[in-house]
Amino acid sequence: MSVNKEATLSELEVLVELQELDTRLSQLDHKSRTLPELEHLAKLEAEDSELESKFAEIELELSALRKSQNDREVEIQQLEDKVAKATSSLYGGDMTSPKEAAALQSEIDSLAGRQSVLEDQIIELMEEIEPYATEEERIEVARNACLETVLATQDKIAMVLSEIEAERSAVKQEKQSVEERAGNDLVLLYEDNRKRMGDHTAVGRLMGTSCGACFLEIAAVEIDRIRRLPSDQPSECPECGALLVR
Ligand SMILES: [Zn+2]
């Protein structure tokens, strides 16, 4: 590492400023990834997909039951037509044979018997349908409510993210102006340290006898050594390796 010989204490300060701005940028990244609304949204989506699969099960049951009911209603309609036809033949006046009349009467009775069986079945089916239909409606209401909350949550997320984005671009702009003030050598020194330190804070201010990056106490002998270095010569924290600005 080599720094411009003219670097002074105040010039190295700029490294701390850069670090603080990068720390703010990573805090903003972290904030945007861990919004409580994102967790809420994931829960809502899970809830909705659970409701959706319950709804599909109920629809399957309901459509079978409703088809049975409809089939019977269609059949009843056909029976009623036949009864009407037989009744009109019976009382239409063109009936001659008593045997024929008895046969028609017996047909009408039999049609009516079948109709009454079907009507009883329809009542049973309607009773069976009722709890499913209630559940169907409940799920529809719940899904609509869920969807509304999803939309509101998405709006909230978009709003918060755009606030974060605005802050991020302000911080980036600030960083750019600090970099211009720092000059290439110090920016390179800073960038090298960032790479070397990875996720760890790369620059810390020496605060008394502690490191401003890891907050650990530095041994007295090390402090002595660091303090004796020329002010333009960067030193590293013996605990975490961050560049120490003093
Ligand atoms: Zn340290």
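In this predicted model, Glu-236 stands opposite Leu-243 of strand E4. Glu-236 belongs to strand E3. Strand E3 and strand E4 (residues 243-245) run antiparallel and are joined by 2 bridges. Both are part of an open sheet of 4 strands, in the order E2-E1-E4-E3, with mixed pairing. Strands E2 (210-211) and E3 (235-236) form the edges, each with a single partner strand, so one side of each has no neighbour in the sheet. In general, the strands of a sheet pair through backbone hydrogen bonds, either parallel or antiparallel.

The side chain of Glu-236 also forms a salt bridge with Arg-196, at 3.6 Å from N to O. Arg-196 lies in helix H4 (residues 184-197) and Glu-236 in strand E3, so the pair ties together parts that are 40 residues apart in sequence. Glu-236 counts as partly exposed because its relative accessible area is 31%. Arg-196 is partly exposed as well, at 42%.

The SG atoms of Cys-211, Cys-214, Cys-237 and Cys-240 coordinate the zinc ion at 2.3 Å. The angles among the 4 donor atoms run from 103 to 114 degrees, and the site is tetrahedral. For four tetrahedral donors the ideal angle is 109.5 degrees. Along the sequence, the donor residues follow the spacing C-x2-C-x22-C-x2-C. Cys-237 is buried, with a relative accessible area of 3%. Cys-240 is buried too, at 19%, because the cut-off for buried is under 20%.

The structure holds 15 salt bridges. One of them joins Asp-22 to Lys-175, with the closest N and O atoms 3.1 Å apart. Asp-22 lies in helix H1 and Lys-175 in helix H3 (residues 98-182), so this pair ties together parts that are 153 residues apart in sequence. Both Asp-22 and Lys-175 are buried. A network of salt bridges links Asp-22, Lys-175 and Arg-194.

Glu-37 and Lys-156 form another salt bridge, with their closest N and O atoms 3.0 Å apart. Glu-37 is in helix H2 (residues 36-91) and Lys-156 in helix H3, so parts that are 119 residues apart in sequence are tied together. Glu-37 is buried, at 15% relative accessible area. Lys-156 is partly exposed, at 35%.

Helix H1 (residues 9-33) also contains Ser-32. Ser-32 is buried, with 15% relative accessibility. The side chain of Ser-32 reaches the backbone oxygen of Asp-29 at 2.9 Å. Beyond residues up to four places away in sequence, Ser-32 touches Leu-38, Leu-161, Ile-164 and Arg-168.

Note on methods: Residues numbered from 1 in each chain as written. Predicted model: local features only at pLDDT ≥ 70, side-chain atom pairs only at ≥ 80, totals over all residues. Heavy atoms only, no water. Buried < 20%, exposed > 50% of the residue type's maximum accessible area, 1.4 Å probe, protein only. Polar contact = N/O pair within 3.5 Å; in protein donor to acceptor, adjacent residues only side chain to side chain. Contact = heavy atoms within 4.5 Å. Donors = N, O, S within 2.8 Å, 3.2 Å for Na, K, Ca; no water. Tetrahedral: all angles 85-135°; square planar, octahedral: opposite > 155°, others 65-115°. Pairing = 2+ DSSP bridges. Salt bridge = Lys/Arg side-chain N within 4 Å of Asp/Glu carboxyl O.
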